[in-house]
Amino acid sequence: MQFTVLLTTALLVVSTSALPTTTEPVTLIAPAVAEPKTLDTRDIDYLTIVNKWRQTMNVPALQLSSTLEWNALKTVNAANGQLVHKLYPGTLAQVLAQGQEGDFESVFVGGWICEIPSLIGGSENCAKWVPGWIHAGQTDHAKIVSSTKYTAIGCWNTRGIWGCDLGNA
């Protein structure tokens, strides 16, 4: 029997027409499908940052979810540098903000939590994080990242946008 094999990262196609006939065993090696964190070059542990600040807010820690991480990745990729929400299966809430890879803590605290400064003890505690952020009366981001309704999170940064999807493990 003859086989032609075309491998892509998303598809394996087998055809019986183009390879020479052989009696030797054939081993196909597909590209590894990496977990989201291994695809990204950022050397930031955003889950540690999230849980440090959730502890400050006296709310339970969140678990890392690869499903939510992939959802965040798909959202920020599809948004193409814009703040465009898109919820995928498993995501119950989502927050987006402009920021570069190394800016996660600034985004998480200054951009989201400090919409409601009392969550971390008042405006004096947000003073370090707020410069550059315009909240315009918004509080939904802070409510989402401080909520006890969610048990898991996955975040991603692409094209200058941080996205975090929240849900339940």
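Phe 108 and Trp 112 lie 4 residues apart in helix 4, so about one helical turn separates them. Helices (H or I, at least four residues) and strands (E, at least two) are DSSP runs, numbered from the N terminus. The model is predicted: local features need pLDDT of at least 70, side-chain atom pairs count only at pLDDT 80 or more, and totals for chains, interfaces and linings use all residues. Residue numbers start from 1 along each chain as its sequence is written, and side-chain values use heavy atoms, with hydrogens and water left out.

Phe 108 is buried, at 0% relative accessible area. Trp 112 is buried too, at 1%. Buried means under 20% relative accessible area, exposed over 50%, partly exposed in between (1.4 Å probe, protein chains only).

## Pair count and a distant contact

Rings of Phe, Tyr and Trp (its six-membered ring) pair if their centres lie within 6.5 Å; planes under 30 degrees apart are stacked, over 60 edge-to-face, the rest tilted. By this rule there are 5 aromatic pairs. Phe 104 and Trp 162 are edge-to-face because their centres are 4.8 Å apart and their planes stand at 65 degrees. This pair links distant parts of the chain: Phe 104 belongs to helix 4 (residues 104-112), Trp 162 to strand 6 (residues 161-167), 58 residues apart. Phe 108 and Trp 112 also pair edge-to-face, 6.1 Å centre to centre with 80 degrees between the planes.

## Cluster

One aromatic cluster takes in Tyr 46, Phe 104, Phe 108, Trp 112 and Trp 162. Phe 104 is buried, with 0% relative accessible area. Trp 162 is buried, also at 0%.
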